[in-house]
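User: Hi, I am new to this structure and would like to learn how to read it. Could you walk me through some of its features?

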Amino acid sequence: MSSAVSASPCPGCIPATLVSEHVAKKIKSNLRFSVPTVHCAACIAKIEQGLLAVPGIRDARVNLSLKRLGVQADDSISETQIAEHLNALGFAAYPLDQEALGTDTDPEGRALLLRLAVAGFAMMNVMLLSVAVWSGATDATRDLFHLISATIAVPVVAFSGQPFFKSAWTALRHRRLNMDVPISLAIVLAVGMSLFESRQSGAHAYFDAALSLTFFLLIGKFLEHKTRGAARSAARELSALEVHRASVLIDGQAVSRAVSELAVGDHILVPSGMRVPVDGDLLSPTAQMDRSFLTGESEEIEVLAGAALQAGEVNLGGPLTLRATAVGEDTTLRRVAAMVELAETGRNSYTSLAARAAQVYAPVVHLLALLAFLGWLAASHDVRMSLNIAVAVLIITCPCALGLAVPAVSTGAIGKLFSTGLLVRHATALERLAEVDLAVFDKTGTLTRPGFDVTTSGLSAVEQSILLGLAQASDHPVSKAIAGTLGPQMKAAALEQIEEIKGAGVQAYFGGERVQLGRADWLGADFSGTGLRIGGSRVRKIETTETLRDGAKTAVAALQKAGIPVHILTGDRREAAVDIAHQLGVRDIQASVRAEAKLERLKDLEKQGYKVLMVGDGLNDTAALAGAHASMAPSSALDASRNAADIVMLRQDLASIPLALAVARSTVKLSRQNFAIAAGYNMIAIPIALAGFATPLLAALAMSTSSVTVLANAMRVRFVK
Amino acid sequence: MNVLAVLIPVSLILGGVGLVGFLWTVRNAQYDDPEGSAARILLDDDTPTD
């Protein structure tokens with residue numbers, strides 16, 4: 001993007017003429033938009049044809065799976081203008097930040113798909129040749145078939161098996177065992193043994209077993225990658241939706257810059273309703289800030305010139321200017337990252353079910369194979385036959401089913417949760433969530449909706465219509481809440497000379513009388529909050545209350561019914577917390593808790609033996625989210641908090657929390673069942689292999705039936721309610 | 001059994017053609033938007049969309 005100005009998120013802040021006319025009409029790099037409402041073929045045609053008719057747009061392509069639009073355009077048209085064209089076509093569109101989004105293509109997924117395709121091709125060809133051998137091909141024919149199988153199998157295993165070899169090597173280097181170690185060993189030994197046998201014109205070659213093992217396990221790896229990829233891409237899109245640009249004042253002119261390019265000492269303009277991008281000192285005389293993301297306090301705070309503002313605060317008053325004191329990595333927001341990293345160690349050292357299974361399974365199988373070799377060697381003194389039997393033990397012990405046991409279930413579970421608006425961000429999140437026995441909720445922004453509810457019942461119809469008229473003239477959150485409540489019910493009174501007084505309120509004239517809506521102290525009232533004055537009458541208080549999020553009650557009730565006690569841990573005042581807790585039926589409340597204290601409180605609960613689920617959205621919750629046994633955050637949370645949480649809730653509804661818990665529990669149950677199924681197959685197959693009766697045909701049968709059973713059992717996770 | 005000398009290469013070549021075809025579709029980004037591809041077939045050919 002050569003012209004930073006044209007990509008401004010705030011077209012009002014910058015004069016449109018700044019879009020330099022003398023710059024040559026270069027094609028911008030692919031601009032991308034999130035278009036959540038596109039859903040059919042007609043939508044695709046409407047958007048693509050509608051945009052191509054706009055001068056300056058070279059190409060437009062909708063991706064229906066991602067609900068995203070890519071546009072190639074000249075410099076003559078800005079992102080906001082394209083978004084407006086899309087709005088005119090009937091589709092809400094949001095520009096996405098290119099850097100935060102990354103590329104749409106998924107090179108890792110493609111590489112896996114290639115390996116999978118090659119393994120599948122080789123497996124089918126070798127299987128055909130093997131069928132001929134099993135049905136009785138002998139002598140030269142058998143040797144020829146083995147030779148062809150070998151020429152196909154060796155390069156294919158070397159290419160397709162790489163993901164397993166790499167993972168096994170990494171694990172071994174760190175002196176650990178994972179499932180890929182026995183898998184790699186089985187594949188390599190099967191191919192090596194079969195090569196040796198083919199040279200000796202032996203009867204048994206396991207080329208087909210080695211290839212089908214690779215193929216089945218690659219299916220598991222690919223499925224896992226796809227579901228994780230979908231969740232990852234959705235999470236990236238959330239942060240790409242955030243505005244990563246700010247307006248810098250240079251010689252009195254506002255210039256749009258990327259937040260990453262801001263420097264200490266820059267004078268930065270923060271429009272009304274926007275987040276402060278960096279830490280800084282306030283230059284404007286006064287400002288009203290919403291610090292709920294940082295501290296959990298639900299009420300606005302008035303600050304004076306010179307006050308330190310922190311990145312992440314929201315400007316509730318008129319546009320303000322600040323001088324940057326810390327940018328980039330040094331801002332308060334970033335410093336929390338250090339705290340998160342420290343708190344996260346517990347989560348990273350959690351041993352997953354698959355890892356625990358591998359730690360038991362790998363030594364047992366390797367020991368069995370070794371014993372089989374030594375036992376047969378002692379009994380028969382035939383090295384070749386003993387080695388053959390040992391390899392047969394390794395291949396027949398169903399590493400395939402074991403390798404699929406967890407990924408097949410978690411893939412289904414993550415996919416199911418994704419379709420209900422839950423993004424699973426961490427690999428072991430579901431297993432940890434299943435163990436949870438206590439839930440801690442943040443209040444502001446988590447149990448409550450961002451915004452207020454307004455009570456206007458004490459006012460007459462005329463007073464209400466005046467209130468609505470005043471509220472519609474302002475962008476302040478309380479005004480917006482009033483307009484949202486009263487707007488659908490009535491028409492606003494016709495007001496004259498409407499004027500917004502920054503940092504105070506709105507005033508106007510109604511039938512010659514002065515009417516005012518604004519801060520209570522501006523109106524001279526003796527209460528705090530928001531007041532309304534009509535003419536000479538006394539100031540009336542406009543009661544604002546926090547509203548519960550949809551589904552908060554159902555979620556809390558369902559958790560309590562499932563035997564999981566619910567606590568509230570908030571940075572807000574006690575009275576505000578008690579009111580919300582009372583509505584939800586929660587008795588354990590801790591109010592006025594700072595960020596560090598939240599983490600300490602969690603650690604205390606953990607010491608008492610609880611496994612805690614933390615649900616929160618603010619910066620003050622970030623460390624707690626990272627330190628809890630499992631954690632969830634709504635998508636309205638700050639980027640930092642979302643990144644610290646295991647699961648992000650895309651819908652504005654908390655009712656999905658009990659579902660997540662149910663799915664997590666059934667994921668663990670089904671994974672255990674799958675291990676049991678694999679163990680059951682082993683109990684039949686191992687004695688056969690130890691006795692020396694294993695044949696390549698038997699190995700192929702055991703491998704495919706156990707894999708199919710495990711996959712079929714995994715499907716059941718989709719039926720959880 | 002001499003027929004094997006013909007049949008085996010033939011089967012391998014046919015399988016190989018399928019594999020190369022599949023690799024081409026992967027490289028050609030044909031799996032990046034499966035829902036979109038399913039919907040685009042309904043679009044009218046007379047109106048240029050691309």
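Analyst: Let's begin with a pair of strands: strand β9 (residues 286–290) of chain A and β10(A) run antiparallel and are joined by four bridges. Helices (H or I, at least four residues) and strands (E, at least two) are DSSP runs, numbered from the N terminus, and two strands pair if DSSP finds at least two bridges between them. One bridge links A:M289 to its partner A:I301 in β10(A). This is a predicted model, in which local features need pLDDT of at least 70, side-chain atom pairs count only at pLDDT 80 or more, and totals for chains, interfaces and linings use all residues. Residues are numbered from 1 along each chain as its sequence is written, while chains are lettered from A and ligands numbered from 1 in the order in which they are written.

User: In what order do the strands of the open sheet with β9 lie?

Analyst: The order is β10-β9-β12 (chain A), an open sheet of three strands with antiparallel pairing. At its edges are β10 (301–304) and β12 (314–315) of chain A, each pairing on one side only.

User: How many residues of strand β17 of chain A are buried?

Analyst: A residue is buried if 20 or more other C-beta atoms lie within 10 Å of its own, exposed if 12 or fewer, and partly exposed in between, with C-beta atoms placed from the backbone. For strand β17 (residues 496–501) of chain A the count is zero among its six residues, so the strand is hardly covered. β17(A) pairs in the antiparallel sense with strand β18 (residues 505–510) of chain A over four bridges, and A:E499 has A:Q507 in β18(A) as its bridge partner.

User: Is A:R173 buried or exposed, and why?

Analyst: A:R173 is exposed because it has 8 other C-beta atoms within 10 Å. Its place is in helix α6 (residues 162–173) of chain A.

User: And what about the nonpolar cores?

Analyst: In soluble globular proteins, nonpolar side chains tend to be buried together. A nonpolar core here is a set of buried Ala, Val, Leu, Ile, Met, Phe, Trp, Tyr and Cys residues joined through C-beta atoms within 7 Å. The largest one has 145 residues, and those with the most contacts inside it include A:A190, A:V393 and A:A699. Helix α24 (residues 656–690) of chain A gives the largest share of this core, 14 residues. There is also a second, separate core of 22 residues, with A:I47 and A:L96 among them.

User: Which residues does A:A699 contact, leaving aside its neighbours within four places in sequence?

Analyst: Two residues are in contact if their C-beta atoms, placed from the backbone, lie within 7 Å. With those neighbours set aside, the contacts of A:A699 include A:Y206, A:A392 and A:I395. Across chain A, buried residues make up 46% of the 721 residues.
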